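Colleague: Before we rely on this model, could we go through its elements and then one residue of interest together?

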Amino acid sequence: MGTMTLTEALLSGLKNEMDSVTVYSEAAERAQGEVAKFFSERAAEEKRHYNWLLEYYKKVQGGSTPNYDLAAEVFGMDYKSPLITKEFINRLAADQYLVTAVTTATLMEATAISFYRSAAESAPAKELTSFFTTLMQWEEHHYNELLSLQDELTQRWFEKQQFEPF
């Protein structure tokens, strides 16, 4: 993160969260049934993260540095979607756009993890280290779930392909 200020870090985090909202929302619009619900739930979670960061940002801009107990703010840390079933994987794997959305979201989560880890490592105060570490953990949860999903989708994708020219 280098010499990035808290304000700059928060703005970057807000942008990253909005990018995630966009990817998940558009995938939800394209999908149907449980697949649409899955992407909608992810979009809603990213919106909660965005709103939480926005509230923090506004308080910092107002001259205060809030000291939140972030452990209470972690959304679904131990949660794995019950929507992810064999049928879910098959439906998702049937749509290349949605497979690409999962791949894109996985990369975005990895980028967010790296960003928040760097921010935590260079934070000048213990509270900020905790703040950015918790944000990193939020994204690690998303990343791990998406990575597992991506692995299953890759296997299904190769099973469905006949490798013919365009």
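Colleague: How many helices and how many strands does the protein have?

Modeller: This is a predicted model, in which local features need pLDDT of at least 70 and side-chain atom pairs count only at pLDDT 80 or more, whereas totals for chains, interfaces and linings use all residues. Residues are numbered from 1 along each chain as its sequence is written, and side-chain values use heavy atoms, with hydrogens and water left out. Helices (H or I, at least four residues) and strands (E, at least two) are DSSP runs, numbered from the N terminus. Read from that end, the elements run α-α-α-α-α, and the count is five helices and zero strands.

Colleague: What span does helix α4 reach from its first C-alpha to its last?

Modeller: Helix α4 covers residues 96-122, which is 27 residues. The expected span of a helix is 1.5 Å times one less than its number of residues, and for α4 the expected value is 39 Å. The span in the model is close to that, at 39 Å.

Colleague: Is H142 buried or exposed?

Modeller: H142 is found in helix α5, residues 126-160. Buried means under 20% relative accessible area, exposed over 50%, and partly exposed in between, with a 1.4 Å probe and protein chains only. Because its relative accessibility is 2%, H142 counts as buried.

Colleague: Which residues does H142 touch, not counting those up to four places away in sequence?

Modeller: A contact here means heavy atoms within 4.5 Å. With residues up to four places away in sequence left out, the residues that H142 touches are E45, E46, H49 and E109.
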